[in-house]
Amino acid sequence: MKRQIISHAVWIPAAAETPAPRNHISFAGRIEKRLAKSSGAISLIASRSLIPDTFKPPSRTRQWCSLIFLWNVACDWLSACGGCAELRNGGLLDIDEQREKLETKVSSRGHFIGQVVDDLDAIASKVEQRCALGYTDLNRVLEDFFKEVLNLTYGINLQNLNKDRLNAPGLDLGDAVGGMAFQITSQGGSKKINETLEKISAAQLASYPKVFVLIIGKRQKTYALDPAQAQRCKFDESRILGTTELCREIIDLPLGDLQAVHRKIADEQRRIRIELEPQLPDGSYSTSVMQFIEQKPSVTRSDASLLAAHPDVEGLFDDAEEARAALDAFIDALARLPRLTREFFGWMIDESDLRQGIGGQGLEMNADYLQAMCSSMPNFMAEVRLLEARKFIDFDEDGSGRSGMFRIWFPGAHSTGFPEAFGYFVRAEALSARTMFSTMNFGPFGPAPAPAPTESIKKPADVNNKSKLGRGSRR
């Protein structure tokens with residue numbers, strides 16, 4: 001599809017009287033848009049009489065690249081022409097400004113066109129994959145998507161006719177004021193077109209005398225239409241559009257309308273492509289919400305033997321088993337935090353101070369220092385709120401006007417000597433809590449714990465064997 005479109009993407013109407021290409025639909029307002037666009041293109045050449053005959057653009061020049069070349073040549077010629085000084089001084093023609101505007105306009109059109117073509121091509125490919133698997137139905141989300149795209153492209157006001165009645169026969173989208181309607185389909189063969197025409201009722205034709213078919217995919221070159229139905233619906237092949245033909249209509253829009261279509265498609269294309277995913281054999285889909293949710297971390301645990309035996313934490317634990325239980329409880333609470341939150345909490349511990357004064361124990365951090373250091377950090381306050389909600393920190397302000405302090409806690413190990421022991425141990429061993437919490441590797445606290453012993457289950461003795469043994473012993 002892209003190969004067919006790119007050749008058309010650089011063409012523009014050259015004159016107001018230039019007829020629209022055969023694939024264009026003559027909707028109300030379409031001619032006015034083309035006239036405005038053509039006039040805008042021609043107004044870039046302020047005075048054709050000032051340009052030598054060899055440099056005059058031909059009447060049907062349509063390529064943007066050719067227009068830029070001609071304009072650059074004209075600018076150079078006017079700059080060298082002394083008779084044009086009064087024209088430039090009078091402000092009627094600012095060549096550099098017009099050149100810059102033209103180049104910006106061409107660059108913007110190229111960006112929008114490329115994105116529109118790629119996104120519609122991706123949607124058409126998804127529909128084709130579904131059709132290959134036997135899923136030829138198009139859901140309501142896709143109908144509403146193309147309703148908005150068609151409205152922006154043709155300046156009409158289509159409504160979803162399936163809103164009140166599911167799968168209205170023959171037609172999916174309709175504009176009662178403009179008297180036109182669309183059938184949106186993934187099947188582009190003559191059989192589908194004829195079936196659509198047969199289903200259109202007389203009442204629908206009265207409300208929508210102009211019927212079109214939009215194929216999400218490739219349009220056939222020719223169609224074998226049912227003559228009777230085609231005559232009844234006043235329908236011919238020119239009213240059959242494929243995704244390629246729709247793209248050609250879009251890329252010929254004025255820049256403002258093209259940008260609006262681009263914005264709509266860019267906003268919706270990801271959701272549309274997910275909606276079109278076929279169900280996998282196991283009942284799941286290729287895209288899952290779990291792909292966007294952070295997985296639980298892999299944890300390297302420790303028996304806490306080095307922590308319990310360290311001289312700086314002497315007396316804070318009764319034995320290594322108490323230290324291990326406290327460490328495991330803290331790890332379980334820490335693992336529930338997102339990775340970035342764990343890393344932020346570890347950084348707070350690395351930057352914290354041991355509490356001072358009578359009864360002071362554990363760690364704390366100056367709140368003003370935290371604010372100053374993290375002022376440019378995205379979602380800084382959200383991280384603080386989450387840590388407060390999970391009982392990892394709390395705010396303490398004595399009302400004296402001095403900086404408040406964030407006290408640091410260790411959920412799961414509050415009632416033990418672990419908070420104080422952790423601060424002493426990581427400082428004595430020059431460990432980074434930030435790295436440790438991010439990787440969830442607690443190996444520095446001691447070797448991995450030994451696996452819990454499994455009790456062996458004694459199998460009941462074989463009665464037959466016992467009896468045999470008994471008989472043997474009697475012998």
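Contact is taken here as heavy atoms within 4.5 Å. In this predicted model, L340, T341, F344, F345 and M348 of helix 14 meet F380, E383, V384, L386 and L387 of helix 16. By class, this contact comprises eight nonpolar residues, one polar and one charged. The axes of helix 14 (residues 339-351) and helix 16 (residues 380-389) come within 10 Å and cross at roughly 85°, which makes helix 14 roughly perpendicular to helix 16.

Within helix 16, the buried residues are F380, E383, V384 and L387. Viewed down the axis of helix 16, these buried residues fall within an arc of 100° and therefore line one face of the helix. The partners against which they pack are helix 14, helix 15 (367-373), strand 8 (393-396) and strand 9 (405-408). R385 and A389 are exposed on the other side of helix 16. After helix 16 comes K391, with a positive phi near 65°.

Nine salt bridges are found in a search of the whole structure. One of these joins R434 to E343, with an N to O distance of 2.8 Å. This pair links distant parts of the chain, as R434 belongs to helix 18 (residues 433-439) and E343 to helix 14, 91 residues apart. R434 is partly exposed at 35% relative accessibility, whereas E343 is buried, with a relative accessible area of 19%. Salt bridges with shared partners also join R301, R324, D328 and D332 into one network. Between R301 and D332, the closest N and O atoms are 2.6 Å apart. R301 lies in the loop between helix 11 and helix 12 (305-309) and D332 in helix 13 (residues 320-334), so the pair ties together parts 31 residues apart in sequence.

Methods: Residues numbered from 1 in each chain as written. Predicted model: local features only at pLDDT ≥ 70, side-chain atom pairs only at ≥ 80, totals over all residues. Heavy atoms only, no water. Axes fitted to C-alpha atoms, helices over the stretch in contact; angles between N-to-C directions. Helix = DSSP H or I, 4+ residues; strand = E, 2+ residues; numbered from the N terminus. Parallel < 35°, antiparallel > 145°, perpendicular 65-115°, else oblique. Nonpolar A, V, L, I, M, F, W, Y, C, P; charged D, E, K, R; others polar. Buried < 20%, exposed > 50% of the residue type's maximum accessible area, 1.4 Å probe, protein only. Arc of directions from axis to C-beta. Salt bridge = Lys/Arg side-chain N within 4 Å of Asp/Glu carboxyl O.
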